[in-house]
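Thanks for coming, everyone. I'll walk through one structure today, piece by piece. Please have a look at it first.

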Amino acid sequence: MDLVLNILLGVVVAATPLVFASIGELVAEKSGVLNLGVEGMMIIGAVAAFAATVGSGSYIVGILVGALAGATMAFLFGALTLTLMSNQVACGLALTLFGLGLSALIGQAYSGISLPQFPRVDIPLLTDIPFIGPLVFGQDALVYLSFALVAGVGWFLTRTRAGLILRAVGENHEAAHGIGYPVVAIRYLAVMFGGACAGLGGAYLSLVQTPLWVEKMSAGRGWIALALVVFASWRPLRALGGAYLFGGITILQLHSQALGLKIDAQILSMLPYLATIVVLVVISRDRMKMKLNAPSCLGKVFYATS
Amino acid sequence: MTGTPILELRNITKTFPGVVANEDVSFSVGRGEIHALLGENGAGKSTLVKMIYGIQKPDSGEMTFMGEAFAPSKPSEARQKGVGMVFQHFCLFEALTVYENIALGLSAAEAKTGDLRQRIIDVSTTYGLKVDPDRLVGTLSVGERQRIEIVRCLLSEPKLLIMDEPTSVLTPQEVNVLFETLRRLASEGCSILYISHKLEEIRALCSKATVLRGGKLVGSCDPRRETAKSLAEMMIGATLNRPVRDLPEPGEIRLKVQELSMESDEQFGVDLENVTMAVRAGEILGIAGVAGNGQTELMEALIGERPCRFSRQIQLDGADIGQAGPRERRALGMCFAPEERLGHAAVPGMALWENTLLSAGRTNDLARRGLISPTNANRFALRVVDDLKVKTAGVKSAARSLSGGNLQKFIMGREIMQRPKVLIASQPTWGVDAGAAATIHRILLDLAREGAAVVIISQDLDELFTISTRISVIAGGYLFPSQPTGELTVESLGLAMGGRSKEIEAAKRADEAVAEPAHV
């Protein structure tokens with residue numbers, strides 16, 4: 001029983017950074033901007049959050065700084081692609097490389113420092129329920145925030161006028177501009193929201209998951225988050241499911257390594273990436289539905305004419 | 001019209017770098033009047049209405065609307081004052097529903113007043129504009145899409161409705177329905193500013209016309225008292241000679257398409273179903289149809305951008321070419337002029353002479369053993385520019401620097417001068433002014449007279465009736481059997497173009513019945 005509980009708790013911890021990063025990217029992509037810099041924004045969020053927490057002694061400050069750092073990176077991306085109208089793919093890749101390098105530089109002073117364990121929520125009585133208690137009522141605050149974010153984004157995109165406008169901008173920016181919506185401003189907001197979310201995901205890595213600063217600790221999670229968005233066909237709930245699938249297999253393979261399975265560790269480490277993508281590809285094989293959900297203007301540069 | 005005018009323009013001037021779009025234009029639109037704004041491409045009609053709708057600002061001059069000074073700085077301001085506009089290119093979102101599209105087009109306050117869904121249904125039933133609020137726009141026909149735009153305008157109860165070339169994408173029947181709606185609106189006191197270059201329609205609908213040429217006002221008239229010819233001559237400022245179709249008896253079959261079915265790879269594309277046709281030497285086959293009924297897909301199949309399942313499905317002079325690519329087909333003597341000029345028919349950033357290499361490289365010896373011959377290419381490009389009177393600074397100008405109509409002339413010239421055995425052109429005169437269209441029609445006829453087989457895919461029925469020897473209608477990816485032009489009327493074509501599903505089904509069944517014994 002304890003093993004199962006530990007595994008499940010581990011899954012949540014492994015999945016949460018991906019939930020943050022992918023839900024943020026989902027919003028950015030729904031507005032029509034393809035930001036391949038998720039990995040870079042995550043790692044900057046991670047190092048900024050860690051440094052701020054060590055410096056201030058406050059987790060709250062650390063988390064806010066992490067989100068802010070991600071949003072700043074995203075703003076930089078927006079300035080390049082939305083204002084200066086550069087190619088989104090190239091700028092996204094550059095942002096990732098930049099983020100990895102800058103974080104290593106900032107992080108030099110912080111390697112070897114460790115933080116105390118991140119506090120978990122503790123509700124008397126409820127958290128004490130065996131098994132379900134710690135799983136449902138004993139997580140850390142960021143996990144609850146990630147779920148709230150998924151629900152909030154889902155509601156925002158389908159139920160609100162602002163969400164409709166955001167989707168419209170991603171669907172056909174010429175038409176949205178023609179009607180009189182500020183395409184570029186809306187995209188800035190969406191991209192920066194995406195950056196803040198990626199920053200939160202990074203903060204979760206360095207404050208909760210490890211809690212240490214290690215160079216390149218995002219380990220390709222930003223790329224997985226990007227893949228999740230596409231294969232979740234831009235639907236928040238599916239992205240959440242994908243993130244948890246990835247988290248689940250990550251933890252399972254760790255445990256199976258511990259059990260001494262006669263499979264190469266490298267192959268096992270590969271599994272979460274492989275399995276997540278395979279499952280999502282299978283789910284999203286209906287091409288028509290896929291195209292319907294995909295923002296038609298994704299990755300296209302918008303020139304305001306007339 | 002009696003009473004005070006609803007809209008008055010005085011001495012409006014607007015210049016863009018290097019071009020005077022409007023110069024000292026003054027006119028007025030009366031209450032409840034359907035007023036036509038006439039002019040060729042580049043005459044300044046669009047700029048003028050963009051200023052009325054607040055998209056652009058005049059450099060000088062003033063406007064009054066309902067007796068007050070009027071200078072909208074943005075479209076929402078114009079909408080608020082009571083000006084509505086239906087664009088030529090719709091501002092619609094295909095992956096969203098009709099309801100969502102309409103909500104997006106209204107201001108937040110407008111969208112909130114009352115039950116929007118109910119108001120949409122009310123307006124659409126009152127004016128006979130049937131729309132289903134919950135359909136995805138991507139699944140609708142062009143005519144239905146236009147209705148959404150009109151309903152969207154009507155919801156904000158405009159005093160003046162501007163329509164930019166509203167009928168260029170409609171079937172004749174749909175045009176009639178639209179005209180009834182417009183007349184009804186006018187009778188309720190809403191003024192309509194109607195931009196078009198379809199002169200017969202203007203004669204049928206409008207009670208006043210203002211004619212622009214080269215940005216200047218050249219006159220106004222009552223179109224009901226003019227003829228289409230006199231209106232056209234007013235527009236171009238010269239006498240117009242229409243080409244005459246005098247083709248010899250058709251020869252052998254040059255291009256044959258048999259039972260071609262192909263699934264579209266586009267989100268809201270149309271699958272081709274069992275397309276069969278044959279074009280003889282000296283024939284011009286016109287393919288009529290409302291946009292989005294499989295023309296793009298048919299064009300792709302004919303060009304060879306998407307290979308057929310079986311090579312025998314397309315034959316050129318008896319040889320199977322269904323699986324040959326565009327270059328092979330060109331080498332065999334076919335030429336193509338696709339609809340999309342920039343990016344498909346020409347590379348926007350390349351000079352005109354470089355663009356000739358793309359399709360005429362082999363046929364006209366512009367490149368030899370992989371090396372470009374700039375001399376030959378320049379000479380060829382110059383010939384195209386001279387023969388078709390393409391307005392350009394020179395063959396070294398980039399393709400994108402040409403106006404749409406001029407580039408179209410250049411592309412048509414580039415293809416026709418290769419003297420192809422088979423020419424396939426989509427919308428050959430779309431956006432081209434009347435004089436240039438006549439030139440293009442004349443050279444198409446010349447080409448057929450010399451023994452080429454020509455296929456014209458067009459939405460312009462006048463054009464098809466002018467030059468085609470036979471016309472066939474494409475609807476929902478199905479190509480109706482062709483008939484000699486002389487035996488057809490606009491009405492009969494319109495019915496088929498409307499894609500009345502029953503008729504298509506009946507025609508398909510008839511086809512299958514004929515086809516079946518052949519399989520046994």
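Which residue is the bridge partner of B:Leu316 in S15(B)? It is B:Ala319. Keep that pair in mind while we build up the sheet around it.

One caution before we go on. This is a predicted model. The predictor gives the complex an ipTM of 0.82 and a pTM of 0.74.

Back to our pair. B:Leu316 and B:Ala319 are bridge partners, and their strands are S14 (residues 314–316) and S15 of chain B, which pair in the antiparallel sense over 2 bridges. Now zoom out to the sheet. The sheet is open and has 4 strands, in the order S12-S11-S14-S15 of chain B. The pairing is antiparallel. Who stands at the edges? Strand S12 (272–280) and strand S15 (319–320) of chain B do. Each has a single partner strand, so one side of each is left without a neighbour in the sheet.

Strands of a sheet pair through backbone hydrogen bonds, and the pairing can be parallel or antiparallel.

Chain B shows the parallel kind too. Strand S3 (residues 34–38) and strand S9 (residues 208–213) of chain B run parallel and share 4 bridges. There, B:Leu38 stands opposite B:Val211 in S9(B). S9(B) also pairs with strand S10 (residues 216–221) of chain B. That pairing is antiparallel, with 5 bridges. In this pair, B:Leu212 stands opposite B:Leu217 in S10(B). S9(B) and S10(B) form a hairpin with 2 residues between the strands. Look at B:Gly214 in that hairpin: its phi is positive, near 55 degrees.

Now the whole of chain B. It has 18 helices and 23 strands. Domain 1 covers 5–236. Domain 2 comes in two pieces, 253–333 and 420–519. Domain 3 covers 347–411. How far apart are the centres of domain 1 and domain 3 of chain B? Taken over C-alpha atoms, 37 Å.

What about overall size? The C-alpha atoms of chain B fill a box of roughly 70 × 55 × 40 Å along the principal axes. The radius of gyration of chain B is 24 Å, which agrees with the value near 24 Å for a compact globule of 520 residues. Buried residues make up 46% of chain B. Consider the contacts in chain B with a separation of 6 or more: 68% of them join residues 24 or more positions apart.

Here is one buried residue up close. B:Gln459 sits in the loop between S20 and helix H16 (461–467) of chain B. Why does B:Gln459 count as buried? Because B:Gln459 has 23 C-beta neighbours inside 10 Å, and the cut-off is 20 or more. Leaving aside neighbours within four places in sequence, the contacts of B:Gln459 include B:Ser168, B:Val169 and B:Gln427. B:Gln459 and B:Gly286 are 173 residues apart in sequence. In space, their C-alpha atoms are 9.7 Å apart.

How confident is the predictor in chain B? The average pLDDT is 85, and 94% of the residues score at least 70. Confidence is highest in strand S20 (residues 453–457) of chain B, at a mean of 95. It is lowest in helix H18 (residues 501–519) of chain B, at 52. Over residues 515–520 of chain B, the pLDDT is below 50. Beyond near neighbours in sequence, that stretch has 0 contacts in the model.

On to chain A. Its secondary structure comes to 13 helices and 0 strands. The radius of gyration of chain A is 19 Å, close to the 19 Å of the globule rule for 306 residues, so chain A is as compact as a globular protein of that length. Its C-alpha atoms fill a box of roughly 65 × 45 × 45 Å. Buried residues make up 46% of chain A.

Last stop: where the two chains meet. The contact takes 19 residues from chain B and 15 residues from chain A. On the chain B side, helix H2 (75–81), helix H3 (98–105) and helix H4 (108–112) each supply at least two residues. The largest share, 4 residues, comes from H3(B). By type, the chain B side divides into 12 nonpolar, 4 polar and 3 charged residues.

That's my tour. Over to you.

Technical notes: Residues numbered from 1 in each chain as written. Chains lettered and ligands numbered in written order. Predicted model: local features only at pLDDT ≥ 70, side-chain atom pairs only at ≥ 80, totals over all residues. Domains from an automatic or database assignment. Rg over C-alpha atoms; globule rule 2.2 N^0.38 Å. Buried ≥ 20, exposed ≤ 12 C-beta atoms within 10 Å, placed from the backbone. Contact = placed C-beta atoms within 7 Å. pLDDT = per-residue confidence, 0-100. Nonpolar A, V, L, I, M, F, W, Y, C, P; charged D, E, K, R; others polar. Pairing = 2+ DSSP bridges.
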